[in-house]
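A guided reading of the structure would be welcome.

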Amino acid sequence: MGSCKGVEQEQQQQHRHNEANCVLVQGPIIVGAGPSGLATSACLKQHGVPSLVLERSVCIASLWQHRTYDRLKLHLPKHFCQLPLLGFPRNFPKYPTKHQFISYMESYASHFSIQPRFNQAVKTAEFDQVLGVWRVKTQDSEYISRWLIVATGENAEPVIPDIPGIDSFKGPVVHTNLYKSGSEFKNQRVLVIGCGNSGMEVCLDLCRYNAIPHMVVRNTVHVLPREMFGFSTFGIAMALLKWFPLKLVDKLLLLVSNFTMGNTDRLGLRRPKTGPIELKNVTGKTPVLDVGALAQIKSGKIMVMEGVKEITRNGAKFMDGQEIEVDSIILATGYKSNVPTWLKGCDFFTKDGMPKTPFPNGWKAERGLYTVGFTRRGLLGTASDAVKIAADIGEQWRTI
Ligand SMILES: Cc1cc2nc3c(=O)[nH]c(=O)nc-3n(C[C@H](O)[C@H](O)[C@H](O)COP(=O)(O)OP(=O)(O)OC[C@H]3O[C@@H](n4cnc5c(N)ncnc54)[C@H](O)[C@@H]3O)c2cc1C
Ligand SMILES: NC(=O)c1ccc[n+]([C@@H]2O[C@H](COP(=O)([O-])OP(=O)(O)OC[C@H]3O[C@@H](n4cnc5c(N)ncnc54)[C@H](OP(=O)(O)O)[C@@H]3O)[C@@H](O)[C@H]2O)c1
């Protein structure tokens, strides 16, 4: 193992040893240079605390840059998605495109002079009981600090379900994290498995390219309009929750949704018994905010199918006995955290890689361990965590 030295000195030394480098980090180590890692680094800086951000990819916000489709737009208004200390540019629309969001992330990192170390995939992180420090190992280095901040995201890895027969399918099978545009599926019959926001939006995109999407809906789902009376549904819900109990707010949202969208059950999109916000709070399941897919379902351009029984060489068989032929399959089956694969000897996380302590207290563990962006509350949750973590570490930093 190489010698320990300060991170700045180590950064200046560009040459790489074959043996692993050991870097003693001034301030916390942040794993992940997505919005959560960047927001926390910026807030720490405001408290005078330096940090080192480690990122497995070659750029910041890699989920947004490499693993999202072209037509993606934020589905919450921009003021609910901005990071602490620096908001979106004023000239951005209410719902910025993914390219605008990436440009905001880049200006954010450059404004706070955040320079992550790229190509550093954290393989293990473990607390050293003897020295009282975190040892974080990547493929070529070991980083050591009193503080470790987990910012690898709720969506770190795609969920690839093991559906019977899927290996025998003759055409391409793609997860939405690799889907870019419907142009690759022009005029094709496509089976889209999953009906979350990704599944719905991919189906809509496919329609624009004259493809025929068959969307698998195996369960109940809440579909809400993105806006009600010209205001964002999410914003309305947030405002109502300040005054009314959750169950009443859910009832009001469903009343207006049913009034404006009609009964979605008739389209094969059965609503869960629990209301949309309560369900989100209890299970983390996000309601779909409709940006046009529902109209395509009503017009028959997107076909809703029941759960898949098995995939065949040419298509799929469904639970209700139907059988269809398709040219391609898109898995819109969601994402998962990867924390259990690299964070060792720590029982703060569930086996699914989410903090056991629920929001709003899941940001702080023990022994200098913190988590940001695991609130199931999107970028709003990230901002809240980042501010609290920075204040907490800032306090400790001042006493050292
Ligand atoms: C298609 C899509 C659209 C979305 N739209 C919205 C939206 O409109 N509004 C909203 O609030 N939320 C949205 N979300 C949720 C979104 O994930 C978060 O808002 C945001 O990206 C979370 O930021 P994060 O930094 O916590 O995680 P991420 O953006 O996932 O960043 C985590 C970073 O950690 C890195 N990493 C992971 N593992 C390691 C490792 N072992 N070592 C080193 N680095 C690692 C990753 O490469 C990544 O760069 C969307 C998600 C998806 C998938
Ligand atoms: N415009 C936007 O801002 C935007 C766009 C896309 C995504 N997002 C966000 O990104 C996050 C991820 O969304 P997502 O849609 O990718 O994932 P998701 O919300 O987790 O939805 C996954 C879907 O796949 C289904 N599924 C999983 N395994 C299946 C299987 N074996 N067979 C059939 N169906 C299966 C799930 O059904 P069950 O419910 O039955 O498990 C669910 O419908 C969410 O927070 C979402 O809000 C935002």
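Helix H2 passes helix H11 in a right-handed crossing. This description, like those that follow, rests on a predicted model. Two packed helices are described by the angle between their axes and the distance between the axes. For H2 and H11, the angle is about 35 degrees and the axes lie 8 Å apart. On the H2 side, the contact is made by Pro-35, Ser-36, Ala-39, Thr-40, Cys-43, Leu-44 and Gln-46. H11 contributes Leu-379, Thr-382, Ala-383, Ala-386, Val-387, Ile-389, Ala-390 and Ile-393. Sorted by class, the residues of this contact between H2 and H11 comprise 11 nonpolar and four polar residues, with no charged ones.

H2, which spans residues 35–46, also packs with helix H4, residues 98–111. Here the angle is about 30 degrees, and the axes of H2 and H4 are 10 Å apart. H2 is therefore roughly parallel to H4. The crossing of H2 with H4 is left-handed. From H2, the residues in this contact are Pro-35, Leu-38 and Ala-42, and they meet Met-105, Tyr-108 and Ala-109 of H4. The contact of H2 with H4 consists of six nonpolar residues, with no polar and no charged ones.

The ligands come next. Ligand 1 is surrounded by 34 residues, and the closest are Gly-32, Gly-34, Gly-153, Gly-373 and Gly-378. The elements that give two or more residues to this shell are H2, helix H3 (62–66) and H11 (378–399). In terms of class, the shell around ligand 1 holds 16 nonpolar, 16 polar and two charged residues.

Around ligand 2 there are 25 residues, of which the closest are Gly-194, Gly-196, Ser-198, Asn-219 and Gly-334. Which element gives the largest share of this shell? It is helix H5, residues 197–208, with four residues. The class composition of the shell around ligand 2 is 10 nonpolar, 12 polar and three charged residues.

Among the strands, three form an open sheet in the order S18-S19-S20, with antiparallel pairing. Its edge strands, S18 (308–311) and S20 (323–325), each pair on one side only. Direction ignored, neighbouring strands of this sheet are turned by 20 degrees against each other on average. S18 and S19 (residues 315–318) run antiparallel and are joined by three bridges. Within this pair, Glu-310 stands opposite Lys-317, and Ile-311 has Ala-316 as its bridge partner. The link from S18 to S19 is a hairpin through three residues.

Two features of the backbone in loops complete the account. The peptide bond from Phe-359 to Pro-360 is cis, with omega near 10 degrees. Pro-360 is placed in the loop between helix H10 (339–342) and strand S23 (369–371). The other feature concerns Ser-113, a residue other than glycine whose phi is positive, near 45 degrees. Ser-113 lies in the loop between H4 and strand S5 (124–128).

Note on methods
Residues numbered from 1 in each chain as written. Chains lettered and ligands numbered in written order. Predicted model: local features only at pLDDT ≥ 70, side-chain atom pairs only at ≥ 80, totals over all residues. Axes fitted to C-alpha atoms, helices over the stretch in contact; angles between N-to-C directions. Parallel < 35°, antiparallel > 145°, perpendicular 65-115°, else oblique. Left-handed = near helix turned anticlockwise from the far one by under 90°. Contact = placed C-beta atoms within 7 Å. Nonpolar A, V, L, I, M, F, W, Y, C, P; charged D, E, K, R; others polar. Near = placed C-beta within 6 Å. Pairing = 2+ DSSP bridges.
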